[in-house]
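These are my notebook entries on one structure.

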Amino acid sequence: MTTQPLPQRPAWDALTAHYRDASSWHLRELFSDDPNRGRRFTSEAAGLYFDYSKNLITDDTMSLLDQLALESKVEERRDAMFAGKHLNVTEDRPVLHVALRMPKNSSLVVDGVDVVAQVHQVLERMSVFAELVRCGQWRGHTDQPIKNVVNIGIGGSDLGPVMAFEALRHFSQRELTFRFVSNVDATDFVESVRDLNPEETLFIISSKTFSTLETLTNATSARQWLVASLGEAAVAKHFVAVSTNAEKVAAFGIDVTNMFGFWDWVGGRYSMDSAIGLSTMLAVGPENFYEMLEGFHEMDRHFCTAPVRQNLPMLMGLLACWNNNFLGYPTVAVMPYDQYLHRLPAYLQQLTMESNGKHVTEDGQRVTYLTGPVYWGEPGTNGQHSFYQLLHQGTTVVPVDFIGFARSLNPLGAHHDILMSNVFAQAQALAFGRTAEELRAAGVDEGVVAARVMDGNRPSNVLLAKVLSPRLLGSLIALYEHSVFVQGTLWGIDSFDQWGVELGKQLAVEITPELDPKSTEKLAHDSSTNALIEQYRFLKKNG
């Protein structure tokens with residue numbers, strides 16, 4: 001599947017030349033010249049309507065991007081991923097999060113094992129456990145039903161579950177309280193359990209290896225908190241694990257029959273639909289969880305079968321490359337106009353930046369072009385009253401993904417129409433702006449005309465769906481997963497390793513014992529780190 005280095009591909013050269021023309025375009029003229037543009041540059045699949053007409057593109061742009069995808073062998077690489085090939089080259093692993101949502105009657109044999117059968121064995125065990133807890137049959141050490149569930153994890157073992165819980169809160173069992181602990185800062189744990197009764201609390205410890213420092217530190221504190229009230233014998237009834245390390249799980253005191261496994265071919269940031277989603281299933285029930293999996297799978301099938309110009313993940317990934325590599329826009333803002341999706345931007349930060357924040361290609365060559373842009377965001381309309389000033393008039397252009405729904409899960413007066421009018425208005429304002437002539441015609445005082453001009457020409461996508469449901473959430477997340485895959489393939493990088501998270505963690509392990517004020521060990525770091533450690537020791541001792 002070897003391809004030429006990206007800058008040597010003919011389509012890359014053609015796009016570079018094409019950009020010289022594009023730099024003089026304005027969306028006002030593009031729309032004026034093509035009255036049907038707002039319908040032509042759209043596509044629809046898996047419950048999502050995707051309007052990408054407000055990007056700085058023409059038909060020629062899209063044809064060249066199609067050619068770049070062809071030369072980058074995106075479709076061949078996609079098919080290899082779905083077949084279980086070892087695309088995670090630095091760890092020599094297949095990339096099979098797509099197997100997590102394949103139907104039970106399907107089969108995918110990888111390295112001699114039917115991974116779909118394994119997935120559904122775990123899902124069935126999760127379903128049985130979830131129903132026991134939800135109906136009150138699972139009893140704690142003192143025979144009290146579980147009323148509180150605390151998920152302890154970090155990274156994908158936290159961001160996916162907490163995002164999914166918040167997104168699907170409308171469908172959750174309200175008699176159960178859910179908390180999520182990730183930060184090794186003690187405050188996160190202490191505040192999460194402050195008002196909980198240990199007799200009614202279940203902890204889910206989510207760690208693939210059961211050795212992640214932050215997770216195990218919080219898990220140990222949770223164990224101590226429980227044991228202080230109920231004794232050692234209570235641990236087996238109040239802790240379950242999502243892990244692959246039965247030995248360490250058992251050593252912690254968790255009954256391994258209450259361990260739900262997953263596999264090394266599931267990256268943490270792609271794992272919310274695996275056993276890592278146990279808290280999600282407890283919250284919304286197995287039926288809604290399976291509906292979410294169906295949404296994931298529907299987008300998977302669309303990604304595998306739709307032509308490039310109708311393929312939502314292909315389109316989103318190609319446009320991201322155009323905006324990043326040719327137009328030079330280094331960030332992307334994701335603005336969900338639904339309060340239930342308020343954790344989606346944080347989730348997408350990990351999905352996108354841990355996947356594509358890479359500086360070498362798969363074969364170890366230093367890249368000479370931009371890779372993963374910075375993703376960030378905030379739910380609308382909150383963001384409009386904080387950073388939209390920069391989006392409209394700042395010197396940095398930020399492409400925006402707007403996400404909205406035709407129906408609210410909580411209809412109340414005119415709220416939803418007001419909310420959604422802002423989606424359409426903000427996308428319109430970013431694209432077309434307001435000229436000095438328009439301001440003067442509106443009677444604006446000449447002294448403030450310059451300050452009120454908005455240049456426009458700022459690209460955005462609008463994703464519109466009927467209503468936020470478990471199925472739609474699955475489709476939405478799969479769309480972003482596959483867009484990340486398309487971008488990584490274009491750039492020739494490994495989107496499935498994450499070595500960049502290792503160095504800081506390793507150095508922290510070395511520094512931790514040096515923070516003791518009684519330590520006499522000579523510091524051997526750089527002068528700044530040494531001075532900071534010494535100042536920390538002083539403040540800790542004399543504070």
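**Entry 1: strand pairing.** The model I worked from is a predicted one. I began with strand β7 and strand β8 (residues 239-242), which pair in the parallel sense over four bridges. Within this pairing, I found Ser206 opposite Val242 in β8. I then looked up strand β5 (residues 148-152) and noted that it also pairs with β7 in the parallel sense, over five bridges. Here Val150 has Phe203 of β7 as its bridge partner.

**Entry 2: burial of β7.** I next asked how many residues of strand β7 (residues 201-206) are buried. Six of the six are, so the strand is largely enclosed by the rest of the structure. I checked the two faces separately.

**Entry 3: a helix contact.** I turned to helix α6 (residues 115-134) and helix α13 (residues 286-305). Their axes come within 10 Å and cross at roughly 145°. I recorded which residues meet: from α6 they are Leu123, Glu124, Met126, Ser127, Ala130 and Glu131, and from α13 they are Pro286, Phe289, Tyr290 and Leu293. Sorted by class, this contact has seven nonpolar residues, one polar residue and two charged residues.

**Entry 4: positive phi.** I kept a general rule in mind: most residues other than glycine have a negative phi. Ala46 has a positive value, with phi near 50°. I located Ala46 in the loop between β1 (42-45) and β2 (48-51). Is Ala46 buried or exposed? Its relative accessibility is 11%, and buried means under 20%, so Ala46 counts as buried.

Phe210 also has a positive phi, of about 55°, although it is not a glycine. I found Phe210 in the loop between β7 and α9 (213-230). Phe210 is buried, because its relative accessible area is 3%.

**Entry 5: a cis peptide bond.** The general rule here is that most peptide bonds are trans. I asked which two residues are joined by a cis peptide bond. They are Gly380 and Thr381, and omega is about 10°. I placed Thr381 in the loop between β11 (374-377) and α16 (388-393).

How values were computed: Residues numbered from 1 in each chain as written. Predicted model: local features only at pLDDT ≥ 70, side-chain atom pairs only at ≥ 80, totals over all residues. Heavy atoms only, no water. Buried < 20%, exposed > 50% of the residue type's maximum accessible area, 1.4 Å probe, protein only. Helix = DSSP H or I, 4+ residues; strand = E, 2+ residues; numbered from the N terminus. Pairing = 2+ DSSP bridges. Axes fitted to C-alpha atoms, helices over the stretch in contact; angles between N-to-C directions. Contact = heavy atoms within 4.5 Å. Nonpolar A, V, L, I, M, F, W, Y, C, P; charged D, E, K, R; others polar.
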